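Let us walk through a protein together.

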Amino acid sequence: MDLNTVLEVCDAREFQDWRTGDAWLGGGTYLFSEPQPHLRRFVDLSRTGWTPLRWLQGGALEIAATCTVADLFRFTDRPLFRECCNAFLASFKIWNMATVGGNLCNSLPAGPMISLTAALDGECMLRAQDGVLRWVPAAEFVTGAGENVLRAGELLRSVTLPAAALARRTAFRQASLYGLGRSGVLVIGTRDRSGAFAVTITASTTRPIVLRFRLRPSETELGTAIDQAVPEDVWFDDIHGLPQWRRHMTLRLAEEIRRELA
Ligand SMILES: Cc1cc2nc3c(=O)[nH]c(=O)nc-3n(C[C@H](O)[C@H](O)[C@H](O)COP(=O)(O)OP(=O)(O)OC[C@H]3O[C@@H](n4cnc5c(N)ncnc54)[C@H](O)[C@@H]3O)c2cc1C
């Protein structure tokens with residue numbers, strides 16, 4: 001849609017002074033989907049030229065904030081990457097524009113790039129206006145529905161997935177209230193060679209919840225751990241699912257994952 005309060009778009013490579021009313025522009029698939037009356041200027045990241053995906057020494061994978069969902073899907077046939085891209089309720093037009101960084105920064109509970117990077121121990125690199133860098137685990141980047149740790153003018157530059165996390169076995173489950181609907185529950189399990197087991201819960205909760213176990217837990221241990229880790233008000237409540245349904249499905253899908261990764 002037209003955003004008639006936005007009066008200027010400038011290139012992120014050239015702009016200098018961050019002002020109230022500025023916003024980073026990733027793919028624009030959220031920004032242009034509804035009115036943004038508080039915004040006056042976009043700082044466009046699309047011409048930064050950042051390499052979308054690159055392997056680092058030691059086998060870690062760096063994903064630039066500007067990497068699109070389509071780039072990520074084409075890059076690897078690892079099941080978890082494909083499953084998370086497919087969990088995006090979107091057409092190919094959105095896939096080709098929406099960025100991994102925009103998905104994290106939008107911070108919707110149903111953000112599948114949040115699920116993927118949180119489950120694979122991603123580290124977010126953030127850059128402040130004065131150039132100072134800081135790193136935040138992807139699992140802690142989103143703090144609530146539409147909320148995250150970014151400070152005014154701070155940029156998400158990239159997310160790095162460590163080699164050890166990429167080597168784990170994974171299992172994925174997602175549920176929506178209707179076919180091809182927005183994720184109401186998204187659970188990812190991982191297990192490494194030592195037997196360590198982790199479950200990452202997103203979409204059903206307002207922020208990612210990661211549970212780690214030295215060894216695969218029993219059904220009761222897993223259910224109890226989930227209930228202890230998710231406070232009542234963190235089960236998400238919106239038109240895509242009631243909190244009771246989200247909790248029920250989370251427990252059920254986590255148990256399926258526990259069995260799959262036996
Ligand atoms: C039909 C449709 C279906 C959708 N389905 C889903 C869905 O299933 N799940 C979901 O989560 N979302 C969904 N969305 C919302 C949106 O498309 C996604 O969240 C998308 O990933 C946003 O990425 P973008 O690059 O387009 O972000 P933009 O729209 O460009 O930006 C989103 C927000 O992030 C900020 N931002 C962008 N990049 C950075 C950066 N590098 N550093 C700091 N801030 C940044 C922007 O200022 C803005 O506040 C959907 C949208 C549409 C139109």
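This is a predicted model: local features need pLDDT of at least 70, side-chain atom pairs count only at pLDDT 80 or more; totals for chains, interfaces and linings use all residues.

Start with W24: a polar backbone atom of W24 is 2.6 Å from an oxygen atom of the ligand. Residues are numbered from 1 along each chain as its sequence is written, and side-chain values use heavy atoms, with hydrogens and water left out.

Two further contacts follow. In the side chain of N103, an N or O atom is 3.1 Å from an oxygen atom of the ligand. A110 uses its backbone: a polar atom there is 3.1 Å from a nitrogen atom of the ligand. How much of the ligand does the protein bury? Alone, the ligand exposes 970 Å², and the protein buries 87% of that. These areas come from the Shrake-Rupley method with a 1.4 Å probe.

Now look at the surroundings. The ligand has 28 residues around it, and W24, G27, T29, L89 and T99 are the closest.

Next comes empty space. Rolling a probe the size of a water molecule over the atoms shows where empty space is left. The structure holds one cavity of 30 Å³ or more. A cavity is a set of points on a 1 Å grid over the protein atoms alone where a 1.4 Å probe fits but cannot get out; lining residues have an atom within 4 Å of a point. About 40 Å³ of space lies in the largest cavity. Its lining includes L108, I114, T202 and R207. By class, that lining has six nonpolar, three polar and one charged residues.

Finally, the domains. An automatic or database assignment sets their bounds: domain 1 (8-44), domain 2 (53-164) and domain 3 (168-260). The C-alpha centres of domain 1 and domain 3 lie 34 Å apart. Domain 2 and domain 3 each give at least three residues to the lining of the largest cavity.

Notes
On a 1 Å grid over the protein atoms alone, a cavity is a set of points where a 1.4 Å probe fits but cannot get out, and a pocket is an open set with protein on both sides within 12 Å along at least five of seven lines; lining residues have an atom within 4 Å of a point. Grid points are joined across faces, edges and corners, and a volume is the space filled by probe spheres set on the points. Ala, Val, Leu, Ile, Met, Phe, Trp, Tyr, Cys and Pro count as nonpolar, Asp, Glu, Lys and Arg as charged, and the others, Gly among them, as polar. A residue is near a molecule or strand if one of its heavy atoms lies within 4 Å of it. A polar contact is a pair of N or O atoms within 3.5 Å; within protein, one must be able to donate a hydrogen and the other to accept it, and residues adjacent in sequence count only if both atoms are side-chain atoms.
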